[in-house]
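Work through these exercises with the model open beside you. Try each task before you read its solution.

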Amino acid sequence: MNQHRKWATVLSLIGMGFGQIYNRQIIKGFLLFIVHLLGITLAMVLPKAIWGLVTLGEQADHLEKVGKVYVNVRGDHSIFLMIEGMIVIIAMLIIVAIYIANVKDAYNVGKMREHGIAPRRFSDTLHYLGEVKFPQMIISLPILLVIFFTIMPILFMISLAFTNYSAPNYLPPAKLVSWIGLDGFKDIFTIKAWNQTFFGVAFWTLIWTVCATLTTFTGGFAAALMVQKKGIRFKGFWRTLFIIPYAIPQFISLLIMRNMFNGEFGPINQYLSYFGLGGLPWLTDPFWAKFTVIIVNIWIGFPITMLMIIGILTTISRDLYEAAEIDGATPFQQFSNITFPSVMLSFGPLLVMSFAGNINNFNLIYLLTNGNPANPNYQSAGSTDILITWLFKLTMDSGKYNFASIIGIFIFIIVASFAIINVRRTKAFKEEDDYR
């Protein structure tokens, strides 16, 4: 009675595709057998991949004497071994998932044969995949790309945080990299030069993020209210005028602003001198440099906020305002009870996204100040550096890849925490009855 499912299952356990061939699904079985061969190949290199991932190599490049001549002998490259190990293990996990699906498929088809149901032909299988399983088929390729081009790089970055990978002492292939566990995290908090830099940069990152988010939101909200105010003429002209800062490529705007705020020959200081005022060290003094980046961010960021809020304001029914006027509500009461809640209901998630984006606002800080002015108490960071620009400098300028990975982990934790907490508290993500 159970012979078909029994033999199909046993054969599929022996090798992928064997159960399908037994079930007279020749083409499907052949394709799965090709995957089986790939799995055998991966299984053969899996021990070496695991060895490389665990040990990160045993011998670096070195000179070896051959007769009377010294020859450069190629050793193990720790980073290549780490990457290769991750790729092989992830690919092997995918093969294992296909193997399990292969066994289930052989069992189910064998069960169908016992009930007198003929197995699907290959054309029927393609039709089934194209009709019933079409969403899964379409999403499978993006999932694979996400695994290898998003998840794997994240795992690689996290792994570097637990190594001593840094220049000049532990830079392959001349030197091997080793696993050091949590020692790098401990150094961030215990070594004065590092913990002073980390807490100083993190504190400024928090101040910058809050100020940048609130100022652009407030500026965009105020501009939207003024443009949409009843009685204002040429609304299209004002909307177009205010969107110009956003329409110009940010790269160009920031370089122009960098020259305008130049303390020696910038036009802003020249204008101040015309009124008998002394020039300010916009980009060379720590306080004024931080003030400058916030002001420039308002100029660049408020237009898009204004356009979004204008779109939200146009959806608010005029009947609400007319009813409020009849009840004797003042303009401020109308704003606080109708306009502001309606805007926040729709704009709340975007505000959270803006907050997370400002934590990682690399372009503005790097192009405007390059993290300067220099801070003698900081390790590879300037007074206006935020965590993301400090991470960049640790990687590109100092070669402290392990510390940069640690900072990357902290950035992820901070952004994820704020995003999850704030999104869960945003009314737009709650049930409608919760805020009626």
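**Exercise 1. Salt bridges**

Task: How many salt bridges does a search of the whole structure find, and where does arginine 5 take part?

Solution. This is a predicted model. Step one: the search of the whole structure gives three salt bridges. Step two: arginine 5 pairs with glutamate 114, and their closest N and O atoms are 2.8 Å apart. The cut-off for a salt bridge is 4 Å, so this distance falls within it. Arginine 5 belongs to helix 1 (residues 3–14) and glutamate 114 to helix 4 (residues 78–114), so the bridge ties together parts 109 residues apart in sequence. Step four: check burial. Both arginine 5 and glutamate 114 are buried.

**Exercise 2. Two further pairs**

Solution. Step one: lysine 28 bridges to aspartate 105, with 3.4 Å between the closest N and O atoms. Lysine 28 sits in helix 3 (residues 26–55) and aspartate 105 in helix 4, so the pair links distant parts of the chain, 77 residues apart. Step two: use the cut-off. Buried means under 20% relative accessible area. Lysine 28 has 18%, so it is buried. Aspartate 105 has 23%, so it is partly exposed. Step three: lysine 393 meets aspartate 385, at 2.8 Å from N to O. Lysine 393 is buried at 9% relative accessibility. Aspartate 385 is buried too, at 1%.

**Exercise 3. Helix 4 and helix 6**

Task: At what angle do helix 4 and helix 6 pack, and which residues make the contact?

Solution. Step one: two packed helices are described by the angle between their axes and the distance between the axes. Step two: helix 4 and helix 6 (residues 134–160) pack at about 135 degrees, with axes 11 Å apart. Helix 4 is therefore oblique to helix 6. The crossing of helix 4 past helix 6 is right-handed. Step three: list the contact. Helix 4 brings residues including Ile79, Met82, Ile83 and Met86. Helix 6 brings residues including Leu144, Phe148, Leu155 and Ser159. Step four: sort by class. The contact of helix 4 with helix 6 has 15 nonpolar residues, one polar and no charged.

**Exercise 4. Helix 9 and helix 12**

Task: How does helix 9 pass helix 12, in a left-handed or a right-handed crossing?

Solution. Step one: the axes of helix 9 (residues 235–247) and helix 12 (residues 286–313) come within 7 Å and cross at roughly 135 degrees. The two helices are therefore oblique to each other. Step two: helix 9 passes helix 12 in a left-handed crossing. Step three: Arg239, Phe242, Ile243, Pro245 and Tyr246 of helix 9 meet residues of helix 12, among them Trp299, Phe302 and Met306.

**Exercise 5. Backbone exceptions**

Task: Where do leucine 56 and proline 168 lie?

Solution. Step one: most residues other than glycine have a negative phi, and most peptide bonds are trans. Step two: leucine 56 has a positive phi, near 60 degrees. Leucine 56 lies in the loop between helix 3 and strand 1 (62–66), and counts as buried at 0% relative accessibility. Step three: the peptide bond from alanine 167 to proline 168 is cis, with omega near -5 degrees. Proline 168 lies in the loop between helix 6 and helix 7 (183–190).

Methods:
Residues numbered from 1 in each chain as written. Predicted model: local features only at pLDDT ≥ 70, side-chain atom pairs only at ≥ 80, totals over all residues. Heavy atoms only, no water. Axes fitted to C-alpha atoms, helices over the stretch in contact; angles between N-to-C directions. Helix = DSSP H or I, 4+ residues; strand = E, 2+ residues; numbered from the N terminus. Parallel < 35°, antiparallel > 145°, perpendicular 65-115°, else oblique. Left-handed = near helix turned anticlockwise from the far one by under 90°. Contact = heavy atoms within 4.5 Å. Salt bridge = Lys/Arg side-chain N within 4 Å of Asp/Glu carboxyl O. Buried < 20%, exposed > 50% of the residue type's maximum accessible area, 1.4 Å probe, protein only. Nonpolar A, V, L, I, M, F, W, Y, C, P; charged D, E, K, R; others polar.
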